[in-house]
Structure formats: C-alpha cells, structure tokens
Amino acid sequence: RRAPVLGVVVLLAGVLGGCAGGPLRPGFQSPPATPTQALSPLDTPTAPPKPTETPVPTPTHTPVPTPLPLPTSAYHALWVDTISWDIPGGPEGTIWLADPNDVGHRQAIVHWGDQEIYHAAVAPDGRQVAFTAAPWGAPERPLWIVNIRTGDRTQLLPNADQVRWSHDGHALAYTANEAPAGTALQVVDMTTRESRRLTSVEAGAMLDLLGWSSDDQKIYYIRPSPQSPELGSELWAIGQDGLNAHKIASLGDRPGSPVLSPDGSKFLIGSPEGLAWISADGHDQHVITQPTWGFTATWAPDSQGLVISRWEANRSNMVVQVVDVTTQSTKDLGVITPIGNWQLLALSPDRNWLAAYHHYTGLYWLHLPTGTAIPVPTQGRITFLGWVPRPSGS
C-alpha cells in the first residue's frame with residue numbers, strides 16, 4: 001500500500017480553488033503540524049509527617065477567535081485535517097468548511113474519530129467532495145461522496161486512492177491498488193456508478209493522477225518510464241475510454257511534479273531555465289523567467305495566470321503577483337506578512353483571498369487587499385481543497 005503524499009499535492013486543490021504549487025515543486029500538500037503534547041500532572045512531593053499534594057493546574061480552552069472586520073467573503077475555504085495513526089489519540093480525519101473571516105466557527109463537514117482521510121477533491125460545482133478514508137491497517141480505502149451543505153455522505157466504491165473529477169462532474173477518475181499486481185487507473189460514471197479500468201503500472205511503481213483534459217476526453221497521469229525506471233518518470237495521457245494511451249513528455253530530472261491547470265489545458269512544470277508551462281499536448285513550452293531570489297507559484301483559477309510571491313526591495317514584505325502566462329505581464333494583488341518561507345496554495349476566484357502555508361507557523365488565509373493574515377487551527381496533516389461559493393443566506 002502506498003502512503004499518502006504532499007504535496008498538490010498533490011495537492012489536491014479543486015477546480016474552483018486552483019491547484020496547489022510550490023518552489024519548482026507544484027502539487028504541494030502542507031506538511032504535518034507537530035502534535036501538541038498532552039499536559040502531564042505535576043509530581044506529588046512528600047514531606048514528613050504527612051504528604052502534601054501540589055495542585056494540578058486546570059488547562060484552559062483557547063477562546064474561539066472572533067470574526068475580523070473584513071468585507072464579506074464571496075467564497076468559503078474547504079480543507080482536510082488528518083491525524084495519522086501513529087500520533088497519540090489518532091487516527092482522526094476531518095473535512096472543514098469556514099468563512100475565512102470567521103475561522104473560529106468552522107464547520108465539520110465530515111469527522112471520523114477512527115479513520116484517516118487520504119485523498120479528497122471538490123466537485124466542479126462546489127457542492128460535493130469525493131474522498132477516501134479508512135482506519136489504519138484496513139486492506140481497502142472506500143471512496144465516499146459527501147454533500148458540503150448537508151453533510152450527507154454515501155459510499156461510491158469499496159476501494160480507491162487518488163481521485164479527480166471530470167470538468168462536467170459526470171465522472172471520477174481514480175487510482176486503486178490491485179495487490180499484488182500493482183496500481184490501476186480507473187473511471188467511474190457518477191450516474192450509473194459503473195467503473196471501467198483504463199491502464200495500470202506494475203507493483204512498486206508510482207502512478208500519479210493529475211486530472212482531465214479540458215474536453216473531458218483524456219486523463220493525464222505520471223508513470224515510470226516503461227523502458228526502464230532508471231530513465232525517470234513520464235507524463236502520459238489516455239482516452240477516457242481506455243484507448244490511445246501516449247506519452248506527452250519525459251520528465252527526467254525536472255524539479256518537482258507537473259501540475260495541471262484548472263481548465264485542463266496546460267501544465268506548470270520545472271525546466272532548466274526556471275519555471276515553465278507546457279501545453280497539454282506537449283507541443284508548446286513557455287518559460288516564466290525565474291528571478292535570482294526564487295519564488296513559489298500556483299495556478300490562478302482562470303488558468304491564464306500564475307500566482308507568485310516576491311520580496312519587496314527592503315525585504316520587509318512579500319508581494320503577491322499574477323503573471324500572465326502568455327504576455328508575462330504582472331499585476332500586484334497584495335502583500336504577505338509575516339515574512340518567511342511561504343507555500344502558495346490557491347487563490348480565490350475573486351482574487352481577494354489566498355490560502356498559503358507558512359513553514360514555521362502553519363496554514364493561513366491571506367486577505368490580499370488589506371494584508372491580513374488569519375491563522376487556521378490545525379492538528380495534523382493539512383490538505384487545502386479549494387474555495388467554494390459562499391452558501392446563499394449565510
């Protein structure tokens with residue numbers, strides 16, 4: 001069985017929220033937070049002739065943060081917080097939904113006190129999440145569908161791993177372990193619930209599912225070179241009917257893993273010259289000039305721009321910009337504070353909010369027009385799923 005992974009990654013950013021990215025390592029999944037150690041009772045000192053107990057302080061609960069005086073957000077944040085089985089008290093998995101202005105009153109869409117959530121993806125309409133979860137040591141990981149607004153969930157398949165929605169929401173591509181044979185790439189029809197097998201890789205080989213083409217006719221994935229694993233990994237496409245499997249590009253020693261744009265038309269990828277994007281057919285490649293200070297990047301929701309960060313001249317703040325992938329023109333969106341090592345995850349469609357991970361202090365929602373950084377309470381491994389439309393009436 002393959003352990004859950006980061007980063008994109010993969011991130012698992014939904015179409016509504018854009019894909020997660022990183023420093024030439026697109027597909028970021030936030031690293032696990034360090035678990036808080038439980039309070040230990042104080043030692044009981046003894047003094048003749050009668051033992052005297054030292055009082056144990058009673059832990060106090062952190063107050064729920066109050067909403068910040070920011071403009072009403074048109075989008076809510078959706079993310080997964082999973083405590084692994086090997087952390088005391090684990091495993092535990094929760095899918096959270098929150099108004100970024102009021103993260104203290106976040107809503108648990110799914111909560112399991114005895115299971116990890118391994119992979120998840122938001123439906124294109126922002127109403128459902130597909131996710132896999134299981135207790136530690138379980139031979140299979142069922143695939144579930146949960147309604148974001150009601151919390152109602154149903155089991156779709158008995159065993160799956162990575163999941164990606166088609167753009168029309170009518171199908172799910174997923175990987176499934178076929179022990180001891182290897183890993184299969186499959187598609188399930190959301191109406192009939194019939195599943196079909198497209199391709200597979202041998203046992204021990206990695207198969208990373210990236211997503212669907214813009215017309216939903218092809219599925220993109222990464223696999224080891226069929227000739228020899230020593231040649232590295234390759235970017236492949238296969239028809240949703242299982243036909244016409246073909247290689248798009250050899251990845252070789254490129255840094256990071258390609259990240260498919262939200263519309264399925266191009267990939268963000270590392271190159272010897274810096275960060276670049278290539279067309280989904282592999283024919284066109286365009287380098288985004290990499291400054292000497294480096295940057296992290298993620299797709300803008302419209303797939304026409306890359307969101308990057310750069311230091312201000314005095315290095316007191318980091319500026320967030322959108323770079324047009326065709327013209328390479330830039331537009332400033334706001335600043336990031338506190339300074340430090342930031343991983344950009346996903347920009348909201350209205351470009352007001354940015355999900356980002358600070359490698360020293362955790363996950364944040366960044367309100368770009370004001371520069372406000374809102375810390376997100378977390379306990380375990382964090383995966384940002386996307387920005388979904390604000391519920392009507394809320």
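Predicted model: local features only at pLDDT ≥ 70, side-chain atom pairs only at ≥ 80, totals over all residues.

Reader: In what sense do β2 and strand β3 pair, and over how many bridges?

Author: The sense is antiparallel, and β2 and strand β3 (residues 107–112) share 5 bridges. Pairing needs at least two bridges. The 5 bridges meet that cut-off, so the two strands count as paired.

Reader: What pairs with β2 in the antiparallel sense over 7 bridges?

Author: That is β1. In β2, E92 is the bridge partner of I83.

Reader: What makes β2 mostly covered?

Author: Of its 7 residues, 6 are buried. Buried means under 20% relative accessible area. For the protein, 52% of the 394 residues are buried.

Reader: How confident is the predictor in the protein?

Author: The mean pLDDT is 80, and 78% of the residues reach 70 or more. Residues 1–64 have a pLDDT below 50. That stretch still has 146 contacts in the model beyond near neighbours in sequence.

Reader: Which residues have the most contacts inside the largest nonpolar core?

Author: They are W79, V103, L363, W365, F384 and W387, in a core of 19 residues. Strands that each supply at least two residues of this core include β1 (75–83), β2 (92–98) and β28 (381–389). Apart from this core lies another, of 18 residues, with W144 among them.

Reader: Why are such residues called a nonpolar core?

Author: The label requires buried residues of the listed nonpolar types, joined through side-chain atoms within 4.5 Å. In soluble globular proteins, nonpolar side chains tend to be buried together.

Reader: Why is the contact of R381 with E116 called a salt bridge?

Author: The closest N and O atoms are 3.9 Å apart. The cut-off is within 4 Å, so the pair qualifies. R381 lies in strand β28 and E116 in strand β4 (residues 116–122), so the bridge ties together parts that are 265 residues apart in sequence.

Reader: Are R381 and E116 buried or exposed?

Author: R381 has a relative accessible area of 10%, so R381 is buried. E116 is buried too, at 3%. Both values fall under 20%, the cut-off for buried.

Reader: How do you know that R310 and D332 form a salt bridge?

Author: Their N to O distance is 4.0 Å. The limit is within 4 Å, so the pair is counted. R310 lies in strand β21 (residues 305–311) and D332 in strand β23 (residues 330–336), so this pair ties together parts 22 residues apart in sequence.

Reader: Where do R197 and E178 lie, and what joins them?

Author: R197 is in strand β11 (residues 195–202) and E178 in strand β9 (residues 171–178), 19 residues apart. Their side chains meet in a salt bridge, at 3.1 Å from N to O. R197 is partly exposed at 47% relative accessibility. E178 is partly exposed at 25%.

Reader: How many salt bridges does the structure hold?

Author: The structure holds 7.

Reader: How many helices and strands does the protein have?

Author: There are 0 helices and 28 strands.

How values were computed. Residues numbered from 1 in each chain as written. Heavy atoms only, no water. pLDDT = per-residue confidence, 0-100. Contact = heavy atoms within 4.5 Å. Buried < 20%, exposed > 50% of the residue type's maximum accessible area, 1.4 Å probe, protein only. Helix = DSSP H or I, 4+ residues; strand = E, 2+ residues; numbered from the N terminus.
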